[in-house]
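Subject: Structure handover

Hi,

Here is the structure I promised to pass on. My notes on what turned up in it follow just below.

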Amino acid sequence: MTCVVPIKNGVNFRDLGGIKTTDGRQIRSGLLYRSGAFSLITPEEQSFLSDELNLHYILDYRDHDEITRHPDRLWQNTHYINVPANPLSDTVTASLTSDLSNHTQTLKKNAPFDFMVKLYQLLPFKNPAYQKLSSILLNSQGKPLVQHCAVGKDRTGVGVALTLFALGVSEEAIMQDYLLTEQLLADYRENLLRQYQHKVTADEFENRKLIFAAKKEYLTAAFDAIKMRYDSIDDWLSQEYQLNENNRKKIQDIYLV
């Protein structure tokens, strides 16, 4: 079970430590984290991330315009890396969860549930952000890493799934961790959506709720797309992200106990 980290001004921030693998091991605490953006954290929270967690790598999956609007507040001794994880598509973008006001036309053209399914079908493939993630896992020598996007749901959700698959976690346990986001984002989501409630129609408001949801069907769409393109999850990890059996053993030795 993942551990929620007490950062009041963070978003959906948690330690993947404690998640069990299919062979009975578990992820070491304090090494792998997932989160939303760090644009609102206080100096005290920055010190906590630096001094208490020693959180070294920040892998930010957001687009440049998202970062310009809401830059991370960085802490000491960190290595910040930005590689956008958005699919190379003009019609499907994960940045909806960063600023809904800029995507009204996109939402009008696409049924939101279908839009989210398509996003998850595209994210796992030829994604430079996850290639960078793989490289960090292999070369970081175990220095703590957090991967994040705007709210830590979609781009981070697939990145974390990749990480957990590589470590030998079952599909069921990966889904359980993903769905925890639905609970942890509840207050943040309601506060954000309330800003749009009087600017859009009732139907448009309900559509926005679907964009911010963490639904089983979304991540399942990613899993199904992988299985349609490759014979197995292992083949996907190996061919797309250089996580063959030897490299997976290397990171398992680092991150598992």
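The largest cavity has a volume of about 30 Å³, and the structure holds one cavity of 30 Å³ or more. On a 1 Å grid over the protein atoms alone, a cavity is a set of points where a 1.4 Å probe fits but cannot get out, and lining residues have an atom within 4 Å of a point. Points are joined across faces, edges and corners, and a volume is the space filled by probe spheres set on them. Val158, Ala161, Leu162, Phe165, Leu219, Ala222, Phe223, Ile226 and Trp236 line this cavity. Two or more lining residues come from each of α6 and α10 (216-229); helices (H or I, at least four residues) and strands (E, at least two) are DSSP runs, numbered from the N terminus.

Before going on, a word on the basis: this is a predicted model, where local features need pLDDT of at least 70 and side-chain atom pairs count only at pLDDT 80 or more, while totals for chains, interfaces and linings use all residues. Residues are numbered from 1 along each chain as its sequence is written, and side-chain values use heavy atoms, with hydrogens and water left out.

The largest pocket (an open set with protein on both sides within 12 Å along at least five of seven lines) holds about 650 Å³ of space. It is lined by 31 residues, and Asn9, Gly10, Val11, Leu40 and Tyr188 are the closest to its centre. Helices α7 (171-184) and α8 (186-194) each supply at least two lining residues, with α8 giving the most, five residues.

Now the packing. A nonpolar core is a set of buried Ala, Val, Leu, Ile, Met, Phe, Trp, Tyr and Cys residues joined through side-chain atoms within 4.5 Å; buried means under 20% relative accessible area, with a 1.4 Å probe and protein chains only. The largest such core has 67 residues, of which Leu32, Tyr120, Tyr130, Leu219 and Trp236 touch the most other members. Helix α6 (residues 155-167) gives the most to this core, with eight residues. A second, separate core has twelve residues, including Ile7, Phe38, Ile41 and Ile58. Leaving aside residues up to four places away in sequence, Tyr120 is in contact (heavy atoms within 4.5 Å) with Lys153, Asp154, Val158, Tyr178, Tyr218, Leu219, Ala221 and Ala222.

On to the aromatics. Rings of Phe, Tyr and Trp (its six-membered ring) pair if their centres lie within 6.5 Å; planes under 30 degrees apart count as stacked, over 60 as edge-to-face and the rest as tilted. There are ten aromatic pairs by this rule. Phe38 and Trp75 have ring centres 5.2 Å apart and planes at 80°, so they are edge-to-face. This pair links distant parts of the chain, 37 residues apart: Phe38 is in the loop between β3 (32-35) and α1, and Trp75 in the loop between α2 (64-69) and β5 (79-82). Phe38 is buried at 0% relative accessible area, and Trp75 is buried at 5%. Trp236 and Tyr241 also pair edge-to-face, because their centres are 5.8 Å apart and their planes at 85°. Phe13, Tyr33, Phe38 and Trp75 form one aromatic cluster.

Lastly, the backbone: phi of Asn12 is near 55°, a positive value in a residue other than glycine. Asn12 sits in the loop between β1 (3-4) and β2 (14-15) and is buried, at 7% relative accessible area.

Happy browsing!

Terms used: Buried means under 20% relative accessible area, exposed over 50%, partly exposed in between (1.4 Å probe, protein chains only).
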